[in-house]
Amino acid sequence: GIDPTAAMLAVARQLSPGVTFEQMSATDIAFSAEAFDLVMAVTVIQHLRPAEQERAAGALCRVLRPGGMLFVFDLIDRRDPGRVVFPRAPQSWIDLYGQHGVELVRWEGQEHVPLIRALLALRGLRRRGPQSGEDVAAPSALEHVGRRRAAFWALWPVIQVSYPLELACERWLPPGWARHGCFLFRKPGGPAPAGDRIGTGAPR
């Protein structure tokens with residue numbers, strides 16, 4: 001595991017004593033090229049500015065062995081990006097990694113939260129992604145709600161009802177309507193995954 005912040009690494013080592021952690025940035029990974037069979041970045045790259053996302057994508061792909069898999073999970077909803085988040089449309093994420101030599105195996109949308117998103121839209125709290133000069137440290141609409149305990153507890157029943165709706169949304173709604181995208185890539189060359197079990201579904 002890697003992180004640029006010493007304090008975060010200290011917590012990570014305490015919580016996961018059997019894992020090796022190194023202090024480095026996703027934009028400048030110091031491991032040798034083609035060092036790993038699997039690379040994962042979950043809600044990490046979305047917090048980097050677009051130019052940094054370009055460098056991080058190159059770094060992640062560089063340390064991946066031929067035949068290896070890259071899994072990334074990041075925000076695709078550009079209307080409520082939250083605190084220091086730079087979402088991309090699904091195809092933009094796919095193109096970002098594709099230009100660094102990996103091929104899409106498949107992608108899925110996750111976290112539709114239809115009731116909460118409908119409430120935010122009705123209250124006019126949805127917004128577009130960060131524009132030039134905008135304060136990217138501003139809290140998202142949900143973070144504003146979370147600061148008010150009464151408002152948070154009022155939303156709790158809505159959150160609970162949303163869980164069973166997620167399964168229906170994932171089945172019937174376009175994946176691009178989700179808040180996050182799960183992307184699985186493979187670096188060409190090398191052996192195929194064991195039994196070729198990974199990515200047997202049709203890419204979307």
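**Salt bridges, surface and pocket of the predicted chain**

By the rule applied here, in which a side-chain nitrogen of Lys or Arg must lie within 4 Å of a carboxyl oxygen of Asp or Glu, the count comes to 3 salt bridges. The structure is a predicted model, in which local features need pLDDT of at least 70 and side-chain atom pairs count only at pLDDT 80 or more, whereas totals for chains, interfaces and linings use all residues. Residues are numbered from 1 along each chain as its sequence is written, and side-chain values use heavy atoms, with hydrogens and water left out.

The secondary structure of the protein chain comprises 6 helices and 6 strands, where helices (H or I, at least four residues) and strands (E, at least two) are DSSP runs numbered from the N terminus. Along the sequence these elements follow the pattern β-α-β-β-α-β-α-β-α-α-α-β. Of the 204 residues in the protein chain, 36% are buried; buried denotes under 20% relative accessible area, exposed over 50%, and partly exposed the range in between (1.4 Å probe, protein chains only). When contacts (heavy atoms within 4.5 Å) are considered between residues at least 6 apart in sequence, 77% of them join residues at least 24 apart. The accessible surface of the chain, computed by the Shrake-Rupley method with a 1.4 Å probe, with only the protein chains shown counting as cover for residues, comes to about 11,700 Å², and 59% of this belongs to carbon and sulfur atoms.

Side chains of opposite charge can pair when their charged atoms come close. In the salt bridge between Arg65 and Asp37, the closest N and O atoms are 3.1 Å apart. This pair links distant parts of the chain, with Arg65 in strand β4 (residues 64-75) and Asp37 in strand β3, 28 residues apart. Arg65 counts as partly exposed because its relative accessibility is 33%.

A salt bridge is also formed by Glu108 and Arg106, with 2.5 Å between the closest N and O atoms. Both partners count as partly exposed, Glu108 at 24% relative accessibility and Arg106 at 23%.

Glu111 forms a salt bridge with Arg179, for which the closest N and O atoms are 3.0 Å apart. Because Glu111 lies in the loop between β5 (103-110) and α4 (114-122) and Arg179 in the loop between α6 (149-172) and β6 (180-186), the pair ties together parts that are 68 residues apart in sequence. Glu111, at 27% relative accessibility, counts as partly exposed, whereas Arg179, at 11%, counts as buried. Glu111 is also touched by Glu166, whose other contacts, not counting residues up to four places away in sequence, are His112, Val113 and Pro114. Glu166 is found in helix α6 and counts as buried, with a relative accessibility of 12%.

On the surface, Leu38, Met40 and Val42 form a nonpolar patch with about 290 Å² of accessible area together; Leu38 is found in strand β3 (residues 36-42). Patches are made of residues with over 30% relative accessible area and no salt bridge, like charges being joined within 9 Å and nonpolar side chains (Val, Leu, Ile, Met, Phe, Trp, Tyr) within 5 Å.

The largest pocket holds about 410 Å³ of space, a pocket being an open set of points on a 1 Å grid over the protein atoms alone where a 1.4 Å probe fits, with protein on both sides within 12 Å along at least five of seven lines, and lining residues having an atom within 4 Å of a point. Grid points are joined across faces, edges and corners, and the volume is the space filled by probe spheres set on the points. The lining comprises 21 residues, of which Gly1, Ile2, Val39, Met40 and Leu60 lie nearest the centre of the pocket. Strands β1 (2-3) and β3 each supply at least two residues of this lining, and its largest share, 6 residues, comes from β3.
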